[in-house]
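I open this notebook to record what I looked up in the structure shown below. The entries follow the order of my reading.

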Amino acid sequence: MFAASDLSSVRLPDFARTTTFRWAVTVASAFLLCTLALFGFVYWQTAVYVMNRYDILLVKELQVFASNTPERLLQEIEDRLAKDPERIKIASLFGANGSRIAGNVETFPSGLTPNVPTNAVVVRVDSGLREAQKVRLATRSLPGGENLVIGRQIDEITEIAQIVVRALALGLLPAFILAILIGIVLSQRAHDRVLEVNRKIQRIVAGDLRERLTTSGRGDPFDQLAVSVNRMLDDIESLVREIAAVGDNIAHDLRTPLTRVRVRLERGRAHASTLNELRAVVDQAIGSLDQSLAIITALLRIAEIEHSRRLEGFSQVPLGPLVREIGDLYEPIAEDKGVALQVESTDEATVHGDRDLLFEAVANLVDNAVKFTPEGGHVELALHHHNGQTQIRVKDTGPGIPEIEREAVTKRFYRSDKSRRTEGLGLGLSLVAAIVKLHGFQFAIAPGPGCTVEIVCPQAR
Amino acid sequence: MPAVQNRSPYQSNAGDKPNRGPAVPLEAYESETISADMVFRDGAMASVLLIEDDSETAKEIRAELGDRGYAVDWAADGIEGLDKARSGEAEVIIVDRLLPGMDGLTIVEALRSGGMRTPVLVLSALGAVDDRVRGLRAGGDDYLTKPFATVELIARVEALLRRPADSRDTVLRLGPLELDLMERTAKRGDRVIDLLPREFRLLEYMMRRKDQVLTRAMLLEEVWKYKFVPQTNLVDVHMGRLRHKVDEPNEPPMIHNVRGVGFILRAPA
């Protein structure tokens, strides 16, 4: 009870608790068991083979001895024992009453089947001392009623066993210890790497997003994992930066109008001398508040579209009528501004989508184009088929978008006019980008002159 | 200090004059611009039930509607609201979307399943298009996103109180103005007005709601089926075009700009 609880509370060294180490021990143990089984088999096979050869010899000797005349037999027994300085061999002749006639065995071993070699322990008497010996024996009754016993010592088999065990001890034990040592080294290294990764992750969790996991460059699974984690960290870092930037932009875009409200109200309260003056101040303040609210609305709208699962609400939308309707809607606005709006729709394609959102996207593009094109300029809204794809193109003769800013304008809050005097919330194109992305279409801003934006609908029919 | 450069998307007082002037300057019609006080009809004790949990908002709405002659009953939560609504005294119900005790839409659904036809205006801080659709599907007659200008709310309440009769007339008339829905022609007295289809649609909507203040948001939603706030002063430009054709310089004006609210079509005085 105590022992068990003590054992479970023993804290293993760090390396011993790693998976690598446990695997090393497991593999080493399996290797050990296999080797033991192999050696055991070799020993067993050898012992069987040696024993067989003894048995065949014994049976042959028995026949040779038995075929001799009694006198010659005694001589042969004597010869056999005399030619055996190693005292390996056994030979004896017993009378029918069991008394020893010749040879080196004290008493006739009982319970043996004639002509079948059997293991037995006999007492030798030839050295002058009684000496028990493990032997292989075969007996045979002679025609005169005597019993012949022929045998040999089988210590050799024990010796083979000893050789095998020695070989095992010399070969296997070092191998096993080596395997465990390698396991310790490997697990220590794995443990160190994990420890290092863990340390870095702790730092990252603590807020240092610039930290990266080190890679050995060997391309092993651990490296691949580190590369993946680093890529994930890159993404997280850029997202966090983006969020921070968006936050700054929101703060800027909301603070500016709100500051104006505050200043106006303060000044109005101090200086307005008539009710009408005060009203003018309040009107301006409400205007600025509405501007702030519009920013919030636009942001929520983009978030709504970006996280939308409206796909189930999609239906077949014919693009021709949609484009013509937008042209119809914006034609007077363009005309008032002295901008020529040309609508061209040569493709009667139908797309799978949300009509209201597509309308909003295209209307936004036209709205932008009309807004940024100076008087006397030209805006073209075209729906056409090009390279097997349906395109909605809005082209204007306005200032255009510099190449370096083309991707940035689709981000929230970006505005080409850095001074932020141009009307617009800086959210129009990011809204369009969100809608286009939701539909799986592509959005491209082509190089100038002027500004050319395209919505490419690959799956239009 | 630069002037406010943004048209209010909420049609508040500040957004009266579109700042980027169209080629047909609205200033030409400045004399036709009238103040909101002159066009909102007296509530004539029409009773309104307001179900709104925020007491500050409720107070302002009650004061504003009270000033216009409405009798406003107020319920601060959904359960009380549903009880009062079921009594059937209210002619219009204004219900907030998110209420303690009961969801605003649940109230509307409960009323409709009980066979109650009282017009309902749903207020919501959730501005999503889907949410709007849900509000109307639940049985709401109109949907207004918070924050809103109070004049917008009043215009909507009035519109609900005076829902156009489902007229089967094929000719609409207002003073000298005549709109033939079959022939798609318009006349003012003997003068034929040549209208584009989009202008015809706008004028038809206005004639069905004569003497009623129409806000820009209402026109966008109803005439153009627009579900978002455009950055450009779309409504003003289109209205300018229509007014140019309906009211010639020597004729007394019929389309009026209502300061800070929207537009109204009236027979010439």
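How far apart are the end C-alpha atoms of helix 8 of chain A, and why does that agree with its 18 residues? I found them 26 Å apart, which agrees because 18 residues (355–372) at 1.5 Å a residue should span 26 Å. The expected span is 1.5 Å times one less than the number of residues. I took helices (H or I, at least four residues) and strands (E, at least two) as DSSP runs, numbered from the N terminus.

I noted the conventions next. Residues are numbered from 1 along each chain as its sequence is written, and chains are lettered from A and ligands numbered from 1 in the order in which they are written. The model is predicted: local features need pLDDT of at least 70, side-chain atom pairs count only at pLDDT 80 or more, and totals for chains, interfaces and linings use all residues.

**Chain A**

I returned to helix 8 of chain A and found 16 of its 18 residues buried. A residue is buried if 20 or more other C-beta atoms, placed from the backbone, lie within 10 Å of its own, exposed if 12 or fewer, and partly exposed in between. Of the 461 residues in chain A, 28% are buried. I listed nine helices and twelve strands in chain A.

I then looked up contacts, where two residues count if their C-beta atoms, placed from the backbone, lie within 7 Å. Among those in chain A between residues at least 6 apart in sequence, 64% join residues at least 24 apart.

For pLDDT, the predictor's confidence in each residue from 0 to 100, chain A has a mean of 81, and 89% of its residues reach 70 or more.

I traced an open sheet of five strands in chain B, in the order 2-1-3-4-5 with parallel pairing. Strand 2 (71–75) and strand 5 stand at the edges with a single partner strand each, so one side of each has no neighbour in the sheet. Neighbouring strands are turned by 20° against each other on average, direction ignored. Strands pair if DSSP finds at least two bridges between them; strand 4 (residues 120–124) and strand 5 of chain B have four, in the parallel sense. Ser124(B) has Thr145(B) in strand 5 as its bridge partner.

Helix 4 (residues 104–113) of chain B touches strand 1, strand 3 and strand 4, making about 145° with strand 3. Helix 6 of chain B runs at about 175° to strand 5.

**Backbone exceptions in chain B**

Most residues other than glycine have a negative phi, and most peptide bonds are trans. I found a cis bond between Lys146(B) and Pro147(B), with omega about -5°. Pro147(B) lies in the loop between strand 5 and helix 6 of chain B.

Arg184(B) has a positive phi of about 60° and lies in the loop between strand 7 and strand 8 of chain B. Arg184(B) counts as exposed because it has 11 C-beta neighbours inside 10 Å. Asp211(B) also has a positive phi of about 60°.

Definitions and conventions
Axes are lines fitted to C-alpha atoms, for helices over the stretch in contact, and angles run from 0 to 180 degrees between N-to-C directions.
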